[in-house]
Amino acid sequence: MYLHGTSKINAEGHLEIGGVDVADLAKEYGTPLYIVDEALVRQRANEYVSAFEASGLKFQVAYASKAFSVMAMCAIAEQEGLSLDVVSDGELYTALQAGFPAGRIHFHGNNKTPDEINMALDANIGCFVVDNFVELHMLNALAADKGKKVKILFRITPGVEAHTHEYISTGQQDSKFGFDLGNGAAKQAIEEALKLSNIEILGVHSHIGSQIFEVDGFRMAVDKVAAFAVQIREELGHTFQVINLGGGFGIRYVEGDTPLPVAQYVAAITDAIISNFSAANFPLPEIWVEPGRSIVGDAGTTLYTVGTMKEIPGVRKYIAVDGGMMDNPRPALYQSRYEAILANRANEANAETVTIAGKACESGDKLIIDLELPKAETGDLLAVFCTGAYNYAMASNYNRFRRPAVVFVKDGQSDLVVQRESLENIVGNDVIPARLRKSLAK
Ligand SMILES: Cc1ncc(COP(=O)(O)O)c(C=O)c1O
Ligand SMILES: N[C@@H](CCCC[NH3+])C(=O)O
């Protein structure tokens with residue numbers, strides 16, 4: 001059993017996170033429940049900040065809020081000195097409502113709407129990451145309407161393929177994101193932007209993919225970006241001040257996952273920046289990164305209650321829990337693997353191999369296939385580890401299930417940061433037109 005952060009097994013044989021017995025959390029808040037180990041989130045944030053401080057370079061660590069965007073998380077990011085990467089009006093609104101300083105917000109996305117751009121302009125966010133030509137000209141025009149000059153990075157696809165799942169790999173040429181470096185689109189974008197009076201080009205952005213375990217891809221991306229910076233200075237006379245290398249740093253979900261310590265990813269990037277830019281006699285740029293998963297992923301645990309069981313002799317035993325693909329779509333989407341334990345009987349020896357089924361009306365709703373567990377009984381608690389990133393964030397109301405609550409735990413205390421959805425929430429946006437209402441009872 002691999003326990004992350006402050007997680008441990010207490011004297012009663014129960015899983016404890018942040019000094020709180022999860023059986024108590026189940027009683028207080030119900031299940032399914034997302035539990036976030038606040039100390040581990042802060043530790044991860046601090047690992048990034050300390051590693052960049054050690055490099056001597058100017059930097060911003062922008063937490064990629066798509067991994068887990070709620071107001072309490074924005075508050076932690078702010079306290080830890082992080083910036084924030086947002087990709088929608090919803091993420092931007094969440095940050096602004098939390099009081100996150102707008103100047104530290106970076107706005108991403110491959111199809112920002114005029115309304116989203118105007119909202120961000122009105123809030124005076126720090127930087128737009130421009131993804132395509134349509135957006136570039138729209139942003140310039142909208143900024144001009146407001147008499148503003150906006151700072152931008154250009155998102156480029158450096159032609160580096162990260163060794164990860166196809167759906168979460170983004171740096172290759174055939175990507176919906178960004179300007180291609182290889183075919184000249186990136187240079188053309190800079191040329192066009194230099195003529196626009198309401199745009200200030202800070203530099204470029206590259207994100208090669210997600211859940212990456214080695215540093216070679218990042219080094220290659222730095223090599224390409226640095227060569228591009230030199231080319232643009234020579235050919236267009238513009239000097240980049242900022243290089244953003246995105247996120248993608250991997251975490252340990254299951255045995256066999258071999259992420260590097262945060263400091264090692266950061267050192268690989270900063271060393272590559274220093275050597276490439278010094279060799280070209282180029283002023284050292286500010287380095288920005290956008291980690292999401294590696295800040296919150298291993299700090300999250302989802303607690304479920306075991307419900308029904310079905311044994312198909314000689315084939316498989318299913319154990320159904322009170323959540324599933326609606327609170328964690330990652331196994332169904334990416335064949336992602338997770339580890340889990342019986343949280344109320346954590347010291348008992350494993351006795352059977354089971355498949356954890358969710359309760360969605362989908363045969364593919366299996367959270368974990370072939371999990372070793374003690375003999376589970378209805379009412380036991382199952383804790384699935386490493387669910388902090390892209391779980392609550394990607395949760396849905398499929399089958400009209402209610403999204404679970406989220407609690408932060410730290411130093412023996414638990415705090416609700418997102419309420420469990422109610423049945424009223426489920427129908428909250430529904431409207432029955434008058435012509436359909438007549439035949440109904442009420
Ligand atoms: C542009 C960009 N930045 C940052 C991230 C965060 O990635 P991760 O959660 O893998 O660190 C993503 C998602 O992959 C992204 O698309
Ligand atoms: N949602 C993905 C990561 C995609 C990141 C988007 N750039 C995951 O759960 O792993």
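Ala, Val, Leu, Ile, Met, Phe, Trp, Tyr, Cys and Pro count here as nonpolar, Asp, Glu, Lys and Arg as charged, and the others, Gly among them, as polar. On that scheme, the shell around ligand 1 holds five nonpolar, nine polar and three charged residues. This is a predicted model, in which local features need pLDDT of at least 70, side-chain atom pairs count only at pLDDT 80 or more, and totals for chains, interfaces and linings use all residues. Residues are numbered from 1 along each chain as its sequence is written, while chains are lettered from A and ligands numbered from 1 in the order in which they are written.

**Ligand shell**
- A residue is near a molecule if its C-beta atom, placed from the backbone, lies within 6 Å of it.
- There are 17 residues around ligand 1, and those that come nearest are Ala 64, Ser 210, Gly 247, Gly 292 and Arg 293.

**Domains**
- The domain assignment, automatic or from a database, gives domain 1 (8-37 + 297-427) and domain 2 (108-291).
- The C-alpha centres of domain 1 and domain 2 are 36 Å apart.
- Eight residues from domain 1 and seven residues from domain 2 make the contact, where two residues are in contact if their C-beta atoms, placed from the backbone, lie within 7 Å.
- On the side of domain 1 that touches domain 2, three residues are nonpolar, two polar and three charged.

**Annotated active site**
- The unreviewed UniProt entry annotates Cys 361 as "active site"; such annotations may be inferred rather than shown by experiment, and positions follow the numbering used here, with feature names shortened.
- Cys 361 sits in the loop between strand E17 (352-357) and strand E18 (366-373); strands (E, at least two residues) and helices (H or I, at least four) are DSSP runs, numbered from the N terminus.
- Cys 361 is exposed because 9 other C-beta atoms lie within 10 Å; the cut-offs are 20 or more for buried and 12 or fewer for exposed, with partly exposed in between, and C-beta atoms are placed from the backbone.

**Annotated binding site**
- In the unreviewed UniProt entry, "binding site" covers Arg 293, Arg 330, Tyr 334, Glu 362 and Tyr 390.
- These residues span 98 residues in sequence and their farthest two C-alpha atoms are 26.8 Å apart, so they do not all gather at one spot.
- Arg 330 belongs to helix H11 (residues 330-334) and is buried, with 20 other C-beta atoms within 10 Å.
- Leaving aside neighbours within four places in sequence, Arg 330 is in contact with Ser 336, Tyr 390 and Asn 391.
- Tyr 390 lies in the loop between strand E19 (381-385) and strand E20 (405-410), and counts as buried with 25 C-beta neighbours inside 10 Å.
- With the neighbours within four places in sequence left aside, Tyr 390 is in contact with Ala 67, Arg 293 and Arg 330.
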